[in-house]
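Hi,

Here is the structure I promised to pass on to you. Have a look at it first, and my notes on it follow below.

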There are 4 protein chains.
Amino acid sequence: MLHFDCDYMEGAHPEILRRFIETNLEQTAGYGNDPYTERACQAVRQACGVPDARVFFLVGGTQTNATVIDGLLAHHQGVLAAESGHINVHEAGAIEASGHKVLTLPSHQGKVDPEELDAYINDFYRDDTYQHMVAPGMLYISHPTEYGTVYSRSELERLSDICHRANIPLYIDGARMGYALAAEGSDVTLTDVARLSDVFYIGGTKVGALFGEAVVVTNPTLLPHFFSLIKQHGALLAKGRLLGIQFETLFTDGLYFQLGRHAVRLALRLREAFRAKGYEVAMESPTNQQFFRLPNEVIDRLKQYATFEYWGPRGEHSSMVRFVTSWATREEDIEQLIALL
Amino acid sequence: MLHFDCDYMEGAHPEILRRFIETNLEQTAGYGNDPYTERACQAVRQACGVPDARVFFLVGGTQTNATVIDGLLAHHQGVLAAESGHINVHEAGAIEASGHKVLTLPSHQGKVDPEELDAYINDFYRDDTYQHMVAPGMLYISHPTEYGTVYSRSELERLSDICHRANIPLYIDGARMGYALAAEGSDVTLTDVARLSDVFYIGGTKVGALFGEAVVVTNPTLLPHFFSLIKQHGALLAKGRLLGIQFETLFTDGLYFQLGRHAVRLALRLREAFRAKGYEVAMESPTNQQFFRLPNEVIDRLKQYATFEYWGPRGEHSSMVRFVTSWATREEDIEQLIALL
Amino acid sequence: MLHFDCDYMEGAHPEILRRFIETNLEQTAGYGNDPYTERACQAVRQACGVPDARVFFLVGGTQTNATVIDGLLAHHQGVLAAESGHINVHEAGAIEASGHKVLTLPSHQGKVDPEELDAYINDFYRDDTYQHMVAPGMLYISHPTEYGTVYSRSELERLSDICHRANIPLYIDGARMGYALAAEGSDVTLTDVARLSDVFYIGGTKVGALFGEAVVVTNPTLLPHFFSLIKQHGALLAKGRLLGIQFETLFTDGLYFQLGRHAVRLALRLREAFRAKGYEVAMESPTNQQFFRLPNEVIDRLKQYATFEYWGPRGEHSSMVRFVTSWATREEDIEQLIALL
Amino acid sequence: MLHFDCDYMEGAHPEILRRFIETNLEQTAGYGNDPYTERACQAVRQACGVPDARVFFLVGGTQTNATVIDGLLAHHQGVLAAESGHINVHEAGAIEASGHKVLTLPSHQGKVDPEELDAYINDFYRDDTYQHMVAPGMLYISHPTEYGTVYSRSELERLSDICHRANIPLYIDGARMGYALAAEGSDVTLTDVARLSDVFYIGGTKVGALFGEAVVVTNPTLLPHFFSLIKQHGALLAKGRLLGIQFETLFTDGLYFQLGRHAVRLALRLREAFRAKGYEVAMESPTNQQFFRLPNEVIDRLKQYATFEYWGPRGEHSSMVRFVTSWATREEDIEQLIALL
């Protein structure tokens with residue numbers, strides 16, 4: 001059976017496990033006060049071109065979003081996000097459990113439209129009763145989005161500009177950042193992400209690590225007591241060096257970027273094959289998640305050989321499905337799937 | 001330099017890393033829906049003698065405490081704990097951040113006294129204004145405690161009995177459970193823990209795992225939607241099998257118990273040596289944490305060769321210090337430290 | 001200047017103030033443990049036809065919604081509401097501040113459509129990832145809605161039925177209940193409201209009281225420790241009898257119903273007059289809030305003589321405005337306004 | 001039957017009800033945007049000698065404490081308070097429900113000792129693990145305390161100084177402020193309170209109002225979005241003018257101070273009488289709450305004629321009881337009680 005359900009079905013890049021074994025019986029201080037973590041911070045800062053940024057390592061994406069957003073918002077504020085944003089849909093209410101409202105904007109294939117953002121903020125403060133309402137306190141976007149789409153540099157610049165004129169931070173969920181950086185036709189680099197956002201995270205779990213997300217705080221006024229907040233959210237790993245070792249490995253010799261390119265290349269190969277067979281590509285994704293509208297009989301046939309995600313009916317005889325590649329996907333599995341089409 | 005700061009300075013038992021490598025490129029479903037997790041649940045249930053218990057794996061101790069306690073308490077209730085309890089002191093307010101008060105009882109070398117518990121509950125409901133106060137909604141104890149001490153079986157039976165007559169659950173924080181089970185002179189087995197508590201957790205982070213805690217819910221009426229609550233607390237690991245593999249390994253061929261015995265044996269060896277040199281043993285700990293009252297000049301001398309925790313002055317010329325062994329402590333390091341005395 | 005901004009511009013029905021003076025120097029126990037509160041509970045139960053219901057008095061609407069909803073929801077659940085619902089828009093995030101998500105349904109002139117509710121619940125549990133999402137844990141509706149519209153008895157029956165089959169409570173925000181009960185053409189009585197919902201409240205603030213809302217809990221299994229929760233939410237009035245006296249007065253000799261009829265009669269008189277002048281009635285409201293689409297020049301002219309709420313542009317030269325009557329609106333003010341048209 | 005249970009058994013000072021009637025049918029804007037509220041703010045500012053302070057009116061004490069404290073604390077901080085503090089004991093966990101820990105200091109007849117406060121803060125930051133602990137983020141004191149005791153000016157100065165050197169605000173709960181200002185032998189004026197604290201409130205509920213507390217924010221950097229926070233906490237009264245009218249009345253012609261003096265004078269008269277009869281005064285209270293240790297047979301006899309609060313046994317044959325006077329206590333009732341002794 002072939003598997004294209006998601007990008008966290010395997011363990012980690014072998015080099016990471018090799019480093020775990022190599023360092024296993026060393027004794028280091030806990031909670032990230034170790035040399036591996038320090039070197040990983042340094043490597044991440046350098047890759048992002050932000051020598052003064054603070055870097056923190058957390059374990060998973062939902063916990064990272066909840067902790068960062070809780071730290072950025074004042075009580076009277078909520079977080080703006082596309083209606084399809086992960087924090088609004090698939091985090092079991094973690095944002096609200098910390099006391100904050102998710103304020104939704106329309107989703108355009110997972111993306112927030114800058115002009116709709118601008119209008120939202122302007123309309124809000126024009127309303128006489130705005131003090132009775134939850135104020136827009138920050139913007140959350142995912143890059144790539146939950147639909148695999150990415151922002152262009154000019155879109156990010158516009159979003160960043162709107163946020164900063166409104167005096168609210170821009171936060172980017174980069175759970176799959178490696179795949180965005182390798183996206184077909186994208187003009188957005190990691191340096192752009194760091195330059196245009198106030199806080200963002202670089203996802204490890206889905207891009208080569210066993211687990212782990214690197215939070216980069218580029219705006220020096222934000223998240224002043226973040227270590228304690230990480231602890232309070234239960235997001236502080238006792239053996240913090242496990243995160244340090246992983247991110248040091250990923251950001252040595254460009255491994256992180258290389259893993260991203262691998263997954264995207266195979267995803268695009270898959271897209272090409274589906275398109276060539278006459279199937280409809282359902283989302284304009286240049287990254288490792290591909291969405292197709294397939295006849296139900298084709299889906300039924302493929303399910304005998306491969307697993308993938310079902311995203312609901314599209315018309316009477318067709319449905320939308322998602323195929324995901326990852327840093328670990330094998331070339332031959334892609335070819336085998338294509339042969340099955 | 002020798003290190004006795006804490007029991008999470010190394011990685012994991014080598015067998016765990018071996019299993020990680022062996023399974024690394026297998027593809028399994030996320031969030032614990034994999035065969036390793038299923039087998040680990042089974043192994044834990046069997047070791048605890050509770051075939052019908054539900055078992056969940058979380059990443060760390062603070063997050064486990066916050067998630068379980070949040071799930072057990074109603075709004076008007078708080079959690080009873082010794083004043084020295086980890087949740088009351090060293091979790092950065094995680095319990096309160098979830099909306100609940102920690103109701104403190106006196107600490108007797110880290111332990112709760114059953115009769116003081118009983119009196120607290122009785123006095124509470126005798127107070128005319130009790131509906132204006134936070135009701136005792138559960139009992140939290142740690143076994144072993146933060147001071148390395150353990151409860152006897154009869155103490156646990158009494159605490160359990162008081163809780164159940166008051167209709168509140170007993171929850172045991174077993175971050176170092178492996179060391180309690182190996183405690184010198186203890187008559188408490190894992191089966192006793194499971195039988196007498198409603199929920200407890202078996203700590204992996206400090207006893208041989210890279211990370212991970214196994215929550216065992218023996219009371220079938222409690223925590224009905226715990227999976228969603230784990231997700232909401234950011235405590236759900238995407239690659240859940242990493243936890244499954246670790247706990248399956250720890251609970252195969254008694255490895256977990258063996259690791260506990262190793263650490264305790266070396267700790268007691270250390271205690272013996274300190275005592276033999278005429279130093280005061282400051283806490284009656286039969287487990288892997290040992291507390292001594294040492295002259296400050298001795299402390300200064302030892303610090304040149306070894307790291308350990310300083311717990312504050314005791315009198316003018318002495319201080320209390322903590323030495324911790326772990327599953328990974330080497331026999332020769334203990335002997336070397338003793339030689340330095 | 002005439003005022004039609006809202007229904008809380010005046011104090012209280014004079015009979016209430018008379019009773020305050022009459023009882024002012026009596027000494028009674030605090031927090032609602034007084035005979036006035038007991039009699040008020042009795043009067044409310046009788047008016048609602050639910051002899052066994054529990055009745056609680058709180059001070060204001062937002063606090064009532066937050067306290068009830070916090071009490072009804074489990075951690076993994078959110079509250080379903082129309083997108084336009086007061087809890088979703090104008091309560092400054094009070095629901096989220098208590099840790100719960102508002103799950104929105106489309107608003108049909110303020111109302112929830114039963115079939116859309118049914119579909120939401122069914123779709124939710126059909127989704128494989130539903131345990132990662134906030135579960136629908138209760139339904140919030142307002143009757144009348146924020147747009148003055150009301151549900152029919154059959155609509156309430158259908159909503160109630162859907163909720164109960166899904167095993168979630170139906171909660172009705174009756175901030176303006178008195179005006180719904182007097183609504184033109186409505187077949188819903190207070191007995192229906194009590195019979196079909198699990199919890200609801202009867203608004204005093206906007207219908208004759210100085211302040212105060214009566215929460216009626218008809219489902220005996222819900223809100224078991226509600227007194228403590230009221231206290232925790234800061235919603236417990238020290239001199240609870242002030243609420244008792246007000247609701248006893250309102251529910252003696254049908255005063256509450258009479259005040260509702262007065263306001264609605266004048267509102268409909270106003271609607272008739274606007275319609276007769278050829279202006280567009282913008283919302284099908286049979287209650288004390290009336291919405292008109294007026295040419296901007298008419299609005300500008302009226303603003304010299306009267307205050308009312310501006311609800312935003314409708315087309316290039318027109319806008320929507322709201323006129324509100326209340327229990328205290330004077331017949332002659334209505335006539336004067338009509339003359340000004 | 002005579003009643004000395006508490007100071008909120010009657011309604012309001014008659015002048016307040018007179019003003020309610022006088023203004024009852026006036027139409028004003030809601031939520032405190034009315035001329036009465038504006039004038040009340042002005043009167044409070046003037047009485048406190050802080051012309052630039054911001055003043056807000058809330059309904060009750062628990063809600064005021066919860067809202068202010070929630071607004072003052074950052075996530076990683078808790079509120080320091082005497083163990084006996086109202087927020088720690090009798091507010092049903094309202095502080096924790098907003099996510100914050102109450103950090104307790106020893107209670108000295110309800111008071112915080114400045115040197116113990118200083119030591120707490122210093123010790124906290126000396127602890128290596130302080131980032132894992134809840135940081136002291138503000139000081140809460142009550143003046144008078146829950147035991148009727150008051151701080152001296154030099155004590156307040158010392159507390160204020162310690163807080164400000166530690167860069168944390170001092171907040172004073174003045175639920176019974178009127179009685180503190182009239183305390184026998186006190187050298188603390190309202191101006192002192194305003195000068196030495198950052199935020200405090202002047203209680204109306206227990207000192208002549210029907211309900212209501214005036215929050216005075218003297219530190220201009222604090223509570224920047226407090227209006228929205230009041231709304232979020234369900235503490236915003238729709239008919240805000242009811243609070244304005246009450247506080248305007250209380251702070252016209254010194255009524256508030258006069259009501260305080262009345263109650264204290266009668267309380268001291270009572271204390272004198274008990275002492276003269278040879279009974280033990282159990283607390284050094286110079287305000288309207290008096291605590292006596294009485295033989296149980298005396299208590300039983302008095303209970304036939306008067307109500308008062310029982311505070312638990314003191315020895316085998318005696319108990320502590322509390323008698324409370326208020327602005328409304330009648331001279332003749334005091335004399336009658338004394339006669340009964």
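**Notes on the salt bridges and an interface**

Asp161(C) and Arg165(C) are four residues apart in helix H7 (residues 153-165) of chain C, so about one helical turn separates them. Please keep in mind that this is a predicted model. The two side chains form a salt bridge, with the closest N and O atoms 3.3 Å apart. Asp161(C) is partly exposed at 37% relative accessibility, while Arg165(C) is exposed, with a relative accessible area of 55%.

In chain D, Asp161(D) pairs with Arg158(D) in a salt bridge of 4.0 Å, N to O. These residues are three apart, about one turn of helix H7 (residues 153-165) of chain D. Asp161(D) has a relative accessible area of 37% and is partly exposed; Arg158(D) is partly exposed too, at 26%.

Arg271(D) is buried, with a relative accessible area of 6%, and Glu184(D) is partly exposed at 42%.

In chain A, salt bridges that share partners join Glu115(A), Asp118(A), Arg158(A), Asp161(A) and Arg165(A) into one network. Over all chains, the count comes to 96 salt bridges.

Now to the interface of chain D and chain B. On each side, 17 residues are in contact with the other chain. The two chains bury about 1300 Å² between them, with 51% of it on carbon and sulfur atoms. Of the area that chain D buries against chain B, 39% comes from His90(D), Glu96(D) and Lys101(D), more than from any other three residues.

Two salt bridges cross this interface, and Lys101(B) with Glu96(D) forms a salt bridge of 2.6 Å, N to O. There are also ten residue pairs in polar contact across the interface. On the side of chain D that touches chain B, helix H4 (86-89) and helix H5 (94-97) are the elements that give two or more residues. The residues of that side divide into six nonpolar, eight polar and three charged.

Best wishes

Terms used:
Residues numbered from 1 in each chain as written. Chains lettered and ligands numbered in written order. Predicted model: local features only at pLDDT ≥ 70, side-chain atom pairs only at ≥ 80, totals over all residues. Heavy atoms only, no water. Contact = heavy atoms within 4.5 Å. Buried area = accessible area lost by both parts, 1.4 Å probe. Polar contact = N/O pair within 3.5 Å; in protein donor to acceptor, adjacent residues only side chain to side chain. Nonpolar A, V, L, I, M, F, W, Y, C, P; charged D, E, K, R; others polar. Buried < 20%, exposed > 50% of the residue type's maximum accessible area, 1.4 Å probe, protein only.
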